[in-house]
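Hello,

Here is the structure you were going to look at. My notes on it follow below.

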There are 2 protein chains.
Amino acid sequence: MAREMVRQGGRSARIQAEVHRTVNELLKEMDRGAITVPMVAERAGVTPSTIYRRWGDLSDLLADVAVARLRPVADPEDTGAMRSDLEAFVLQYVEEMSSRVGRQMLSDVLGTWEGDAAGQCCQFTYQHLETMRERALQRGEQAFDVSEAIDFIMAPVVYHILFGDREVTPDYCRSVVRRFFRT
Amino acid sequence: MAREMVRQGGRSARIQAEVHRTVNELLKEMDRGAITVPMVAERAGVTPSTIYRRWGDLSDLLADVAVARLRPVADPEDTGAMRSDLEAFVLQYVEEMSSRVGRQMLSDVLGTWEGDAAGQCCQFTYQHLETMRERALQRGEQAFDVSEAIDFIMAPVVYHILFGDREVTPDYCRSVVRRFFRT
DNA sequence: TCCCTTAACGCAATTTCTTAGCGTTAGGCG
DNA sequence: CGCCTAACGCTAAGAAATTGCGTTAAGGGA
């Protein structure tokens with residue numbers, strides 16, 4: 001579910017916003033597994049059936065909220081050089097994703113294939129990397145390949161966040177970027 | 001849930017096996033989202049309350065089944081050389097994980113933190129890589145670092161399976177291994 | 001501007017799933 | 001062989017999910 005709204009103004013948009021806000025609020029207060037649709041509905045001031053009809057079920061709703069939250073609001077910071085741009089980006093990404101809530105958002109996104117949530121989030125990353133690549137080109141730097149940056153930088157970081165097999169520290173992030181430039 | 005059984009013989013073990021078998025069967029027949037606890041219970045010939053008590057809820061059960069299925073039954077094939085060992089391993093891993101069911105198992109494992117399912121699966125990979133490393137040492141090859149193999153080989157492959165942003169073809173797998181040895 | 005169409009919502013009844021109490025069965029140990 | 005109790009089955013109560021139907025209010029056209 002969470003399809004694009006046919007009607008995007010007024011009541012429908014208000015409810016969507018309110019439900020999203022409520023989910024984010026609950027996500028901070030309690031464990032993801034403790035959240036239920038009726039609970040969200042009551043706090044948001046709507047009836048459960050509204051949520052079920054619009055989003056399908058709880059997983060789809062959570063995935064939809066996650067995608068909305070992961071959707072970038074601005075271009076990645078311009079630090080003046082390609083390498084520091086990449087470093088800043090991955091550090092911020094990890095900062096957001098390795099928290100409890102961030103980790104849960106990731107698995108919510110990966111656990112559903114409604115509206116291709118995973119693909120969408122992936123696109124956000126691609127777009128950011130592409131922006132950084134073009135910036136590098138304009139500076140006259142020897143630019144990098146976006147899909148290689150995914151493989152060398154993003155993939156390891158995401159892997160360790162998801163599987164929890166090692167701390168994803170800032171130092172580790174920097175070492176990953178360093179390794180990328182030694183290819 | 002899915003804790004280690006206190007009693008590991010007889011009825012308890014029979015039920016666990018039957019429930020696992022049933023889940024795997026259903027996973028082949030229908031979409032993961034269509035499966036319910038009562039459905040599993042009926043087919044397995046047990047009451048729903050047994051499943052709820054033992055596994056907690058559907059996600060925990062699915063994660064438990066996934067971990068059991070991912071648990072290796074044998075050491076990775078010995079192909080005679082380190083590089084071909086790694087290639088064979090990643091090819092088989094991808095073969096299993098990039099199917100619809102495999103993809104679902106992965107997200108089930110990542111979507112729960114009961115019994116550290118994700119960590120367990122990760123351990124299986126580590127163990128296999130470690131086996132291959134030791135084999136390489138015995139052959140007198142210059143062995144690789146296991147955690148680097150994770151970052152260079154497994155992470156990209158898993159990333160693309162999960163996010164679905166590109167086909168993980170055998171050619172791609174081989175190119176990932178090739179890249180690893182050019183470090 | 002006002003009306004018409006219909007997407008989206010609220011309400012309520014129904015169905016299905018989940019939880020919990022309690023008695024029963026059957027491992028595992030002395 | 002018999003005791004202890006983990007684990008199961010049954011059942012009832014509670015919560016969540018689904019569905020039909022009437023109502024509200026976007027959005028488009030006269």
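**Chain A against chain B**

In this predicted model, 29 residues of chain A are in contact with 29 residues of chain B. Together the two chains bury about 2600 Å², and 63% of that area is on carbon and sulfur atoms. The three residues of chain A that supply more than any other three are Asp151(A), Tyr159(A) and Phe163(A), with 26% of the area that chain A buries against chain B.

Two salt bridges are found across the interface of chain A and chain B. In one salt bridge, Asp151(B) pairs with Arg179(A), and the closest N and O atoms are 2.8 Å apart. The interface of chain A and chain B also has 10 residue pairs in polar contact, both residues at pLDDT 80 or more.

On the side of chain A that touches chain B, at least two residues come from each of helix 6, helix 7 (117-139), helix 8 (146-163) and helix 9 (170-180) of chain A. Helix 8 of chain A gives the most, with 12 residues. By class, that side of chain A has 16 nonpolar, six polar and seven charged residues.

Ser107(A) lies in helix 6 (residues 100-110) of chain A. Is Ser107(A) buried or exposed? Ser107(A) counts as buried because its relative accessibility is 8%, and the cut-off for buried is under 20%. Apart from neighbours within four places in sequence, Ser107(A) is in contact with Leu110(B) and Gly111(B).

**The two domains of chain A**

Chain A is divided into domain 1 (10-56) and domain 2 (73-180). Five residues from domain 1 of chain A and four residues from domain 2 of chain A take part in the contact. The C-alpha centres of these two domains of chain A lie 29 Å apart. Domain 1 and domain 2 of chain A bury about 400 Å² between them, with 40% of it on carbon and sulfur atoms. On the domain 1 side, Leu27(A), Asp31(A) and Arg32(A) lose the most area to domain 2 of chain A, together 83% of what that side buries.

One salt bridge is found across the interface of domain 1 and domain 2 of chain A. Arg32(A) also forms a salt bridge with Asp108(A), where the closest N and O atoms are 2.0 Å apart. The side of domain 1 of chain A that touches domain 2 of chain A has two nonpolar, no polar and three charged residues.

**Other salt bridges**

Side chains of opposite charge can pair when their charged atoms come close. Over all chains the count comes to 28 salt bridges.

Arg139(A) and Asp85(A) meet in a salt bridge at 3.2 Å, N to O. This pair links distant parts of the chain, with Arg139(A) in helix 7 of chain A and Asp85(A) in helix 5 (residues 82-97) of chain A, 54 residues apart. Asp85(A) is buried, with a relative accessible area of 1%, whereas Arg139(A) is partly exposed at 28%.

Glu130(A) and Arg133(A) form a salt bridge with their closest N and O atoms 3.4 Å apart. Both residues lie in helix 7 of chain A, three residues apart, about one turn of the helix. Glu130(A) is partly exposed at 27% relative accessibility, and Arg133(A) is partly exposed at 24%.

In chain B, the side chains of Arg139(B) and Glu141(B) meet in a salt bridge at 2.9 Å, N to O. Salt bridges that share partners also join Glu18(A), Arg21(A), Glu25(A), Glu29(A) and Arg43(A) into one network.

Regards

How values were computed:
Residues are numbered from 1 along each chain as its sequence is written. Chains are lettered from A and ligands numbered from 1 in the order in which they are written. This is a predicted model: local features need pLDDT of at least 70, side-chain atom pairs count only at pLDDT 80 or more; totals for chains, interfaces and linings use all residues. Side-chain values use heavy atoms; hydrogens and water are left out. Domain bounds come from an automatic or database domain assignment. Contact means heavy atoms within 4.5 Å. Buried area is the accessible area (1.4 Å probe) that two parts lose on being put together, summed over both. A salt bridge is a side-chain nitrogen of Lys or Arg within 4 Å of a carboxyl oxygen of Asp or Glu. Ala, Val, Leu, Ile, Met, Phe, Trp, Tyr, Cys and Pro count as nonpolar, Asp, Glu, Lys and Arg as charged, and the others, Gly among them, as polar. Helices (H or I, at least four residues) and strands (E, at least two) are DSSP runs, numbered from the N terminus. Buried means under 20% relative accessible area, exposed over 50%, partly exposed in between (1.4 Å probe, protein chains only). A polar contact is a pair of N or O atoms within 3.5 Å; within protein, one must be able to donate a hydrogen and the other to accept it, and residues adjacent in sequence count only if both atoms are side-chain atoms.
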